[in-house]
Amino acid sequence: MTTTQDKDRVLIFDTTLRDGEQSPGATMTHEEKLEIAEMLDDMGVDIIEAGFPIASEGDFKAVKEIAQRSKKSVICGLARANFKDIDRCFEAVKHAAQPRIHTFIGTSPLHRAIPNLTRDEMAERIHDTVTHARNLCDNVQWSPMDATRTEWDYLCRVIEIAIKAGATTINIPDTVGYTAPVESADLIKRLIAAVPGADEVIFATHCHNDLGMATANALAAVAGGARQIECTVNGLGERAGNTALEEVVMALKVRGDIMPYYTQVDSTKIMSVSRRVSTASGFAVQFNKAIVGKNAFAHESGIHQDGMLKNAETFEIMRPSDVGLQASSLPLGKHSGRAALRAKAKDLGFDLADNQLNDIFVRFKDLADRKKEVYDDDLIALMRVGENPENDRLKILSLRVACGTGGPAEAVLSMEIDGVKLSATQNGDGPVDATFKAVRELHPNKARLQLYQVNAVTEGTDAQATVSVRLEEDGNIATGQSADTDTVLASAKAYVNALNRLLVRRDKTGEDRKEINYRDMS
Ligand code: KIV
Ligand code: ZN
């Protein structure tokens, strides 16, 4: 039996709303960020990195409001190593019951070369900025970015300076996902032994997944003495992403026998937050993703199904209910009412306001008319974000497509654009191409299609298709999603949804996220 003590507690620092949101195309709306922060707070995440307040007015407002609404979690904001960033960060987080400033600078030779600071100049900058942060806030985290490629002696030196200047948490980022588990454990262990004052602070680990080792590296760092893991829901994050929150939480829970550490995260809330982050970010979770993938608890082969029926432990090392998956309950049908829909939505992690329920109920009835049984996954697809017809400037009124072997596909499309009804007919290389051309005829734009992805939500030829479309225009990226039993209509709606999001971003030019230059320390 494993006994756990306070020294074995691992703090979970979630950076979905900062590092996760930095991932190209994962931009979330203000409301989505508030909702996700509330879910993280509620599930027992210790620290929420809510954003990068200097990055934009929008980031600042989100961090501030998350701070104001926080209940149990510490609310943290990111700041580069300059007074202006740090002041702006504190302005936003100070509204939290427990605020934290997280300031960082790239310490490896490659990163030092960019602001062109000598070792001594950078050491002085670290001393001054951490001191400044600590004068504002009692809770200060400092990170030497690219720590795993920083020279050992210099890393020890700058960590000591940060601790002396008042940092309370020292985070060791593997910024480029270069390290391996054995090194990760060893590095933390050696730092704790070598740096004066190290036993007075908490060491954190922040791993990227470029070589697919982020979770293993984070767990190894804990074995080496780290007591804070930085992670994101679904492993969202720059490039290949960060350590996945659900993976470390469940690994520590399931393998307490060899990793006698614990977190205070309520694992039964994992599925609902995973779904919410996926819908908000527009990043679908891969089917075979550990813990939260659609197939993570599915058993297809005869041998496996037979074993599962006799004893679930034959092929399951954790129960679906441990991560908040209910044994699939009865599907809803066309006779189900609003109360049943609201209750089911809640079960699936969507707390619907009355106006949202009304909108989804209409779409649910429409779907139930076309599809005999509406399964959980169908409903999740229906509740995907971004369908907000009242505020959308572009709306699809009707679409008719003809295609076959006799010639190009033809799409006849009617739309309402800023209140004006318009129609277009276009030919194309297949029905989706013809439809997208018709949309472009009615709403000329220079957005570039970066991603077009179709998934079937449930089985059968009447399954809904969920379509994700990512567009890029003048550096702005927007993802649109839609679901329908008609794949071409779902594609059209997802495309128009992404265009609507780009229009919102264009309208708010003043609020657009500035291009963040991590190395610009001015
Ligand atoms: O990956 C990284 O180094 C970061 C820092 C800002 C902590 O995200
Ligand atoms: Zn990072």
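**View 1. Contacts of Asp85 with residues beyond its sequence neighbours.** In this predicted model, Asp85 is in contact with Phe52, Ile54, Ala79 and Arg80, leaving aside neighbours within four places in sequence. Asp85 is found in helix α4, which spans residues 83–93. Is Asp85 buried or exposed? Asp85 has a relative accessibility of 2%, and the cut-off for buried is under 20%. Asp85 therefore counts as buried.

**View 2. A barrel of eight strands.** The strands close in the order β1-β2-β3-β4-β5-β6-β7-β8. Their pairing is parallel. From one strand to the next, the twist averages 25°. In general, strands of a sheet pair through backbone hydrogen bonds, either parallel or antiparallel.

**View 3. Strands β4 and β5, with helix α6 packed on the sheet.** Strand β4 covers residues 99–106, and strand β5 covers residues 140–145. These two strands pair in the parallel sense over six bridges. Ile105 has Pro144 of β5 as its bridge partner. Helix α6, residues 119–136, touches both β4 and β5. The direction of helix α6 makes about 170° with that of β4.

**View 4. The largest nonpolar core.** This core has 89 residues. Trp142, Ile159 and Ile170 have the most contacts inside it. Which helix gives the most to this core? Helix α7, residues 152–165, does, with nine residues. Domain 1 (11–281) and domain 2 (295–324) both give residues to the core, so the core lies between them.

**View 5. The surroundings of Ile170.** Residues up to four places away in sequence are not counted here.

**View 6. A second, separate core.** This core has 28 residues. Among them are Leu394, Phe436, Ala478 and Ala492.

**View 7. Leu348, a buried loop residue.** Leu348 is found in the loop between α13 (338–347) and α14 (354–370). Why does Leu348 count as buried? The relative accessible area of Leu348 is 1%, and buried means under 20%. Which residues does Leu348 touch, not counting those up to four places away in sequence? They are Ser272, Arg275, Asp376, Leu379, Ile380 and Met383. Leu348 and Asp377 are 29 residues apart in sequence. In space, Leu348 and Asp377 are 9.3 Å apart, C-alpha to C-alpha.

Definitions and conventions. Residues numbered from 1 in each chain as written. Chains lettered and ligands numbered in written order. Predicted model: local features only at pLDDT ≥ 70, side-chain atom pairs only at ≥ 80, totals over all residues. Heavy atoms only, no water. Pairing = 2+ DSSP bridges. Helix = DSSP H or I, 4+ residues; strand = E, 2+ residues; numbered from the N terminus. Axes fitted to C-alpha atoms, helices over the stretch in contact; angles between N-to-C directions. Contact = heavy atoms within 4.5 Å. Buried < 20%, exposed > 50% of the residue type's maximum accessible area, 1.4 Å probe, protein only. Core = buried A, V, L, I, M, F, W, Y, C linked by side-chain atoms within 4.5 Å. Domains from an automatic or database assignment.
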